Amino acid sequence: MDTAAILPNNRVLVIDDDPSVAAVIGRIVRRSGYDVIVTADPADFRQRVRSWSPGIIILDLGMPETDGIELLRYLADEQVKARILIVSGFDRKVLEAAQRLGAARGLDMAGVLTKPVRAGTLTEALKNIDRDASAVTAPRILQGLLADEFYLEFQPKIDIRTLQPIGVEALLRWNHPELGVVPPLDFIPVAEETDLIHRLTEWVLETALRYQREWTAKGLNLTVAVNLSARVIAELDLNVVVSDACARAGVTPGSLILEVTESVAMGGVEKSMDVLTRLRLKGIGLAIDDFGTGYSSLVQLQRLPFSEVKIDKSFVMDCATSKDNAVIVGAIVDLAHRLGLRAVAEGVESPEALRLLAEAECDAAQGFFFAPPLPADAIPGWFRDNAVIRLD
Ligand code: C2E
Ligand code: CA
Ligand code: CA
């Protein structure tokens, strides 16, 4: 892969108060094919960061006038996107602590090297920086959040009996300046490994509800569904977060649906039960997402206070041509109804699939046949133009 196109640029800024070390590092980096500026002066460094926008910064931690931590804070305040390599004579533990500190502030920390640095080690480190320049990492996600690179799309949901649109599902998107639009399945699992998933979830809730209030003000009455990772349910004080977000947006809890994927039991059944039940008591809808796959199982259905079953698209997409999938879809709808839950099909791509779902008495549907996920500002127009879905 041509990573040079993904690193923001070919420029490397080196700061080290020892001129001879700085010169050596500069020479090695230049030999690796980068443009290099070497400085020993923190003020000059700050100015170069702003005016020259390096793609990689090589930072010495211990300098007489300022220390590396201060410079890291400066870089974080400036929301610098460069990959940062710490090179220093300190103990490795200190360097790693500095690395974590930088990462926590949203900097793209590329690693630490202890002095004296051998030419081969530095060359290798630069190669690695190049190689994983295109990787989705937690610091990049945090940077993206701070830089406003995330946005939501909304996919309409239709009542199968009346053929009227009834709501939307919010789907998270990340428009990375170098990587392009990153699909949620590429970054959500990464965010789930850290507390970032909490920040992302809060952002999604806030943003989705803000749109919902806008749409309500325009006379559009629709439910908004938000996806939740199982981890968030057990760990985040979701009850409070959701109530606060609803209150701030002036949205009634009844028009919010939370779609839960994976094993809810993962984070502890007791806690999840407690949180989900309290949310239900507030009138918030709860959907078990991707039903029929992976951990989304009958055990969950029986234990937790869901109000809706979302039939996974792998069964729905070709239910009109696959007899097996038609049987599965019918059985899930039946199961949902017997348990007193609504059945919703995702991945409806054809009128034939819709007809089959209607015969099975499935309640609601969503899929490319009606609309793909749409930008938020297209929603009012779409709902106006499609007040009733026409099948001819
Ligand atoms: P999901 O909740 O099952 O969302 C439905 C996915 O199916 C979406 O993919 C949607 O674009 C796609 N889709 C919709 N209609 C059709 C259709 O007719 N045919 C086919 N083949 N696909 C259809 P997307 O947007 O890439 O999202 C993938 C998954 O990422 C979602 O699956 C959800 O699990 C997760 N996700 C998205 N946004 C969030 C979020 O805000 N938070 C969390 N935790 N997960 C999210
Ligand atoms: Ca979903
Ligand atoms: Ca799904």
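User: Which residues of H6 are buried?
Analyst: This is a predicted model. In it, the buried residues of H6 are Pro139, Arg140, Ile141, Leu142, Gln143, Gly144 and Leu145. That is seven of the nine residues in the helix, which spans 138-146. H6 is mostly covered.

User: What residue with a positive phi follows H6?
Analyst: Asp148. Its phi is near 65°.

User: New topic. How many residues are in the largest nonpolar core?
Analyst: It has 78 residues. Phe154 and Leu258 have the most contacts inside it. Helix H8, residues 196-217, gives the most to this core, with eight residues.

User: What does Phe154 touch?
Analyst: Leaving out residues up to four places away in sequence, its contacts include Val168, Ala208, Tyr211, Trp215, Pro372 and Ile379. Glu169 is also among them.

User: Back to H8. At what angle do H8 and H10 pack?
Analyst: About 30°, with the axes 9 Å apart. H10 covers residues 238-249. Angles under 35 degrees count as roughly parallel, so H8 is roughly parallel to H10.

User: Is that crossing left-handed or right-handed?
Analyst: The crossing of H8 and H10 is right-handed.

User: Which residues make the contact?
Analyst: From H8, Glu202, Leu205, Glu206, Leu209, Arg210 and Arg213. From H10, Val241, Val242, Ala245, Cys246, Arg248 and Ala249.

User: And how many are nonpolar, polar or charged?
Analyst: The contact of H8 with H10 has seven nonpolar residues and five charged ones. No polar residues take part.

Note on methods
Residues are numbered from 1 along each chain as its sequence is written. Chains are lettered from A and ligands numbered from 1 in the order in which they are written. This is a predicted model: local features need pLDDT of at least 70, side-chain atom pairs count only at pLDDT 80 or more; totals for chains, interfaces and linings use all residues. Side-chain values use heavy atoms; hydrogens and water are left out. A nonpolar core is a set of buried Ala, Val, Leu, Ile, Met, Phe, Trp, Tyr and Cys residues joined through side-chain atoms within 4.5 Å. Buried means under 20% relative accessible area, exposed over 50%, partly exposed in between (1.4 Å probe, protein chains only). Helices (H or I, at least four residues) and strands (E, at least two) are DSSP runs, numbered from the N terminus. Contact means heavy atoms within 4.5 Å. Axes are lines fitted to C-alpha atoms, for helices over the stretch in contact, and angles run from 0 to 180 degrees between N-to-C directions. Angles under 35 degrees count as roughly parallel, over 145 as roughly antiparallel, 65 to 115 as roughly perpendicular and the rest as oblique. A crossing is left-handed if the near helix is turned anticlockwise from the far one by less than a right angle, and right-handed if clockwise. Ala, Val, Leu, Ile, Met, Phe, Trp, Tyr, Cys and Pro count as nonpolar, Asp, Glu, Lys and Arg as charged, and the others, Gly among them, as polar.
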